[in-house]
Amino acid sequence: MRQRSLQHDSEGRLRHLLTIEGLKRQQIVDILDTAESFISVADQRVRKVPLLRGKTVVNLFFEASTRTLTTFELAAKRLSADVLKININTSATVKGESLLDMLHNLEAMQCDMFVVRHADSGAAHLIAQHVAPHVSVINAGDGSHAHPTQALLDMFTIRLRKGEFAPLTVAIVGDIKHSRVARSQIHALTTLGVSELRVVAPKTLIPAAVESLGVHVTHDLDEGLRDADVVIMLRLQKERMQGAMLPSEAEYFATYGLTEERLARAKPDAIVMHPGPINRGVEIASSVADGPQSVILQQVSNGIAVRMAVMSMTLGRAPTEAEGA
Amino acid sequence: MNISIQHGRLIDPANGIDTHADLHIAEGVVAGIGEPPQGFEADSHINAEGLVVCPGLVDLRARLREPGGESRATIASETAAAAAAGITTLVCPPDPSQPIDTPALVDLIRHRAKQSGHCRVLPLGALTLGLAGQQLAEMATLRQAGCIGVSNGLQAVESTAVMRRAMEYAASQGLTVFLHAEDPWLAAGGCAHEGAVSVRLGLTGIPEAAETIAVARELQLIEQTGVRAHFHHLSSARAVRMIARAQYDGLPVSADVAAHQLYLTDMDIGYFDTLCHVRPPLRTQRDRDGLRAGLKAGGISAICSDHQPLGADAKLAPFPASEPGISALETLLPLTLRLAEEGLLSLSEAIARITQRPAEILGLLEDGQGGRLGVGDRADVCVFDPEPYQELRAEDLVSAGHNTPFLGWEFKGRVNCTLMAGELTYHSCD
């Protein structure tokens, strides 16, 4: 299968980052280690490292985003890359041909990396199949398929707080069906070998055959939270009411919303995560989101270091220890 | 013009013939088998030594794109591809750009097909006006104009009441209804089978129930209305069993399967291979095995190409935004022969599924108008080489659409020549 190795180069190194699926455990650990080396950069207020000097990174966002776009931009700038931002109105239909035309035009302007967000699953793969050999592609979210850098920064945050993955019980709560974040988290957590991985939601928000990804399914939040070490809440889109997926936000919060009382079923030192943006009072109570167990803001700041790591590694310039320190 | 096809292995499943015999053709019909009939003088000879001589293939479902989609393919280009694939009759379903709901459209398609002269094209008339599922199409008029049956194409007839009346009316006109079984609500927005692959890739799934619910509804209505019905391109094992059950109960239903469904599964999508984006979707290995079992048992009597030629740009898009379809005329015979090679069907039975059986469904067989090579029958003939493997390459495809996931596969069954009503429509260069 030629396509299986699309995100690796001939030496097995990461050329693109399109999905967590297919990454080796050691590769994920390497990314997290590299990210850790950049965290100290931030602490020392050394804003920039020259790893990507002379490289041009294009943020190609076909779908609105604030957080992801901003952290990618910051990450690229801290690596001394030139950054170009192209926002494409999603309502204007971008057909495959014109999408690839645009890419080839940008390549002709000597761009080295595309960070892509698109509403269709598989968009990043399509782009990676058609870029010039020197260009790397980072998937910043494609449809319901994958959001690998988000999952990596979540793993980074978990490792920072919990150390080892092996003993952990992790619960992912919410709209698994439409969530690219959940899919990437599931691949990352199963690859890193957590002890138990649960997904919690009503059947309408659980995709068919999700067990094949290696998760336990439960429709009962209390059962899902019991003795969990890590609780990951997912954002609930308002459109789900129209699609007859759920009756109302109020009922959803009453049944699946994370409150302090519900959280008490998890381990006392459990951490609470959320990829953002948060719907307070829909999937999570403010008291929990802002509470002592929440690591939501740390996730955001870790996002910059993790994206720096991925960008520097895919452009073939993994930093030495001296460079990182 | 009198032609003798000599020294070939004649396989004519409808007549139970599989023997080495010459085939003699005069005035567009079969004049004799074995020894030439008295007074027969051949004007030309075709040496079929080492080759198989069988009835011309009958394809129950192929989209030609014309009128309206000429940028992708034309009747001339696709019927030429059909001839190169040994096909002498093909059925063209309506679709929104060619709804085939007026006699003028029927005339146009038939005229263009006749003009190019490569293959007989039998249009399916619209079941409802504009395929909108609201008002009945002028079915009797469409039949008069030359439609072989009626169909709503891939468009759903949402209203059960309209479907019932359409079937009642078709039954009154003695027309067969050709059905694409898909519940429009369950299939909405979907692009792949709902299962392990769609969950992994984050693709909106089309559940098996989208097919089985539609099959169940149509079977109830078929029973009630007494219409003769044919299900196009089944994709799920469960639907196959439902139809076999209905046949057992005596309902006048038949079914076909697209050749690619007998080989590919949703796993072949891999990482978003848009060439495997088809409708109905590729389902699981269990479904593929069920379709094969149904074919062997006979509940599915025919294999069709479900040909859909597309331009390159149609597949150069993220999977959900890419257009479904496979350019499939030229793999119909090779994929069918492979079933014989794999031992699922005998060679003669495999050939029957793309000749005799589809001709039977279309009502051509009994009149000797296709699918059979008895004396006096229309001389639609396919001569192919059953032996050497040959790689399928894009540059060898005659169809304007090169969208096939089978490029690089090795196949037997290269067509040597094709005759339609005794006229040579294709001859390979060597």
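Predicted model: local features only at pLDDT ≥ 70, side-chain atom pairs only at ≥ 80, totals over all residues.
User: Which residues does Val231(A) touch, leaving out those up to four places away in sequence?
Analyst: Residues are numbered from 1 along each chain as its sequence is written, while chains are lettered from A and ligands numbered from 1 in the order in which they are written. Two residues are in contact if their C-beta atoms, placed from the backbone, lie within 7 Å. On that basis, the partners of Val231(A) are Ala171(A), Val173(A), Leu225(A), Leu258(A), Leu263(A), Ala266(A), Ala270(A), Val272(A) and Met273(A).

User: Which residues touch the most other members of the largest nonpolar core?
Analyst: Such a core is a set of buried Ala, Val, Leu, Ile, Met, Phe, Trp, Tyr and Cys residues joined through C-beta atoms within 7 Å. Buried means that 20 or more other C-beta atoms lie within 10 Å of the residue's own, with C-beta atoms placed from the backbone. Among the 237 residues of the largest core, the ones touching the most other members are Phe114(A), Val173(A), Val231(A) and Met311(A).

User: Which element gives this core its largest share?
Analyst: Helices here are DSSP runs of H or I with at least four residues, strands are E runs of at least two, and both are numbered from the N terminus. The largest share of the core is nine residues, and it comes from H12(A).

User: Why do the buried residues of H2(A) line one face of the helix?
Analyst: The buried residues of H2(A) are Thr68(A), Thr71(A), Phe72(A), Ala75(A), Ala76(A) and Arg78(A). Take the directions from the helix axis to the C-beta atoms. Seen down the axis, the buried residues line one face because they fall within an arc of 165 degrees.

User: What do those buried residues of H2(A) pack against?
Analyst: Both strands and a helix of chain A are involved. The partners are strand E1 (56-61), strand E2 (82-87), strand E3 (113-118), E4 and H12.

User: How far apart are the centres of domain 1 and domain 2 of chain A?
Analyst: An automatic or database domain assignment sets the bounds, giving domain 1 (2-145 + 303-324) and domain 2 (149-300). Their contact takes 22 residues from domain 1 and 19 residues from domain 2. Taken over C-alpha atoms, the centres are separated by 26 Å.

User: Which helix gives the most to the side of chain B that touches chain A?
Analyst: The contact takes 22 residues from chain B and 26 residues from chain A. With four residues, the helix giving the most to the chain B side is H6 (residues 196-201) of chain B.

Note on methods:
Buried ≥ 20, exposed ≤ 12 C-beta atoms within 10 Å, placed from the backbone.
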